[in-house]
Every structure is written in structure tokens, then in C-alpha cells.
Amino acid sequence: MADDYLRRTAITRPILTTDQQDLLEATITEWKTACNISSRIGWENGETRKTYLQDLAYDTVLEETHLGSQHAILATHQAAAALDGVEAIEDLDEHYKTSRPEFTSNTVKYDTRTMTLFDDGSVSLSTVDGRIRCDLNLPDEEDGYQHEYLNDDEWEVTESTLSKRDGEYYLHLGFRKPKPEKQVERQDDDEDRTVLGVDLGIVNIATTSTAYFASGRELRHQHREFERIRGNLQQTGTQSAHRTIQQMSGRESRYLRDQLHQVANQILEEARTHDCEYIAFENLKHIRERAPPVKEFHQWAHRQLVDLVEYKAEAHGISVEFVDPKNTSRRCPECGHTSEGNRVRQAEFECESCGATQNADYVGAKNVGWRYVRRGLQSSRRTGDSQLALKSGMVTPNRGFVPSD
């Protein structure tokens, strides 16, 4: 059965007192026990259906753990899902030997009956001894990606997960909203469609055909700082240094992902502002093939950014497409002349034929978008104009540049 909802997860940390941490640790322990009880009962009875396993295991879970009634129900459902997964493996390969699922991870599930989010940035969580309420460690900036779901009434909270890792607690908040009817499916083939082109680079991690430039300078600087400190700690070689490296890696990952979320949000804003139905990127496979190993960080950042834009675009009914990036940095978007000599230096483009000068990344973004526009022209089903979104208007194959109103 197809899922009619878009689903997202926002990760944050609850700010806990020592007593609250002890309660959550006890709750996780009881949760694992409850899941294993349910798994054993389901395994012995050959039952993988949630409601049926709930009927079989619920009373035993309540008797043998200190969980509340709703958490007991959730534990039986978690076990049923795991047992169903084992059954699916057996159906695929009857010779594959499976064993009863065991729950050892330091996690516990929450739903809207066991967890409440408040507008002041705090959360209430059920434990083995009543509820606790604590603040969430959210970004100060309102454009932190967690706020995208917390502050938008279209996103509703669903099943979430609390986990403990390296002595820290993390809350993986689940959100959902109905899938939009894709704009590209609503349109007739004879209607115009607008494309936003995006160039991925190093100095500017992303540049759009509407002239939005996302500088990569701070990302590079922070990455180099993390690498420098990590190298010094590795030379130390102590157990304490190793733990510090692990903690640093988590901080670096969270920082970089938050920065990339902000860039992805701005790309989506450009697409929505200019009524774009498509966002065109260069194919990342080609980037990997042509980039030297020293640029592995930028390849990772580009992949992360594209993934973020893809799932954010889906929520707005916008399609993300990919084109071959060959010569997108060498082709003049004004006259079409293509030459290595057009790229004067890293940031500067000057056409040898017509003399047009522009920022090189901006040229790349326009060429990426234009390549997808031209792809649409080759379709036998298309009768209308596709058009490329620019800073101050649109460019179409038939009418040329059309300024915005």
C-alpha cells in the first residue's frame, strides 16, 4: 500500500538533569525488555501482526516491566515489525536460517500519547515514573532545519525515537504531511515549464541561474580546522584523544549538515519565488569522475546538498533533474561558443567570440538549467515552451529573454 504522506526526521538533543537522564535510562532498559518479551511470544506463536501480537503480549509486558500502557502497546508493535521482517526474509529464501529478533539498542519509541512538543521549544516525555519536561537544544537561528518542521503547521508529529549514544541523548522527531499533487503531473504538455539551474562548485558550493551564490568559504574553513585538530589528537594517540575525536566528528557532522540545510532552503526559496517546476543539477557521477581525491570533502558536501534539496523539493511538488555537466563551464550562454579559453580564471568567464563577461559559476548554473530546457524540447510530447529562470526574468527557446514584471 502506497504511503500518502511525506515523512521527515529532525534530530535534536533534550537538555536533561541528572535525575531525568536516570529516568530515561531506566525507561530504555524496560523498553528493551518489553520488546524482547513481545518478540519471544510472537516467535512462539508464529504471530507477526501488530494488533494480534498486542493481544497476546500486552498483559505480560505490563506485568514484567514498569512501562505505562501506551509504551507497552508500542513495544508489541515494534516486535511485530521485527518479526514480520524476519518472515519476509524467509519468504525470499527458504534455505536462509533466521533467528528470533533481539532488541539490544539503547532506544525507545514515542508517539503523540507518550510525547508532547510545546511551542516554547520544550518536550514532555513519558518515563517509567511519570512524565518529564525539558527544553530541546535547538539552533538559535530560525533557519535551522529543525524549525522548518517545528514551526510549520502542515507538518504533524508522528512516531519518534529517543536514543542514547556515547552518554548523550538524542531525540529523532518524526514528522509527516500529505503528499502534494506534483505540479509536473498537473500541467498539460502544451504549458510552459520553468527550470532553475544550479551549479555546484568549491569557492561557491552552489550557484543558481537566478544569481543566488552560496559561499563555500566558511564550510572549507571549518573543515580544515576540524582536520587540523583531529590530526593533532591522532598524533597524541591516547584513549582520551580518541574519545575527543569521536565527539568532534559528531559536532562537525551536525555543523556541516545544518549549514547545508540552510543552503538547500535558499535554493528551494529561489525555485518557489520564480515559480519553477524543475531544479536542474549537474550529474554528480561526472563530478566524482573528474575530481581529484583531495576534493573528496566537496564531493560529500555536494551529495548531501543535492539529497537535501531533493527531499525538500518533493514537499513542494518540484522535480529535481540531472544533466551531463560537460562543457557547462566553457560554453557561452549568450552566443553558444564553447572553448577552454572562455574560462579566463577560476571565477571569471569571458567569451572569446562575443566578449560577454560573467561570473564563471553563474555561467555554469545557466548552462546546467539551459541543458535541461533543451532536453525538454527534444520530447515529441512537448508543444509548449520550457524556460530558464534568471535573476530578472526568463529565457525561452522561442522568445529569447523575457524580463520579469
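The structure before you is a predicted model.

Is Glu352 buried or exposed? Its relative accessibility is 51%, and exposed means over 50%, so Glu352 counts as exposed. For Asn342, the separation from Glu352 is ten residues in sequence, and the C-alpha atoms of the two are 5.7 Å apart.

I turn next to strand E9, residues 204-208. Five of its five residues are buried, so that the strand is mostly covered. Which strands pair with E9? One is E8, residues 193-200, which runs antiparallel to E9 and is joined to it by three bridges. Within this pairing, Val198 has Thr208 of E9 as its bridge partner. The two strands make a hairpin, with three residues between them. Another is E10, residues 213-215, again antiparallel to E9 and again with three bridges. Here Ala206 is partnered with Ala214 of E10. E9 and E10 likewise form a hairpin, with four residues between them, and Ala211 in that turn has a positive phi of about 70°.

Finally, I come to helix H1, residues 18-45. Its 28 residues reach 41 Å from first C-alpha to last, close to the 40 Å expected at 1.5 Å a residue. Just after H1 comes Gly46, with a positive phi of about 60°.

Conventions. Residues are numbered from 1 along each chain as its sequence is written. This is a predicted model: local features need pLDDT of at least 70, side-chain atom pairs count only at pLDDT 80 or more; totals for chains, interfaces and linings use all residues. Side-chain values use heavy atoms; hydrogens and water are left out. Buried means under 20% relative accessible area, exposed over 50%, partly exposed in between (1.4 Å probe, protein chains only). The expected span of a helix is 1.5 Å times one less than its number of residues. Two strands pair if DSSP finds at least two bridges between them.
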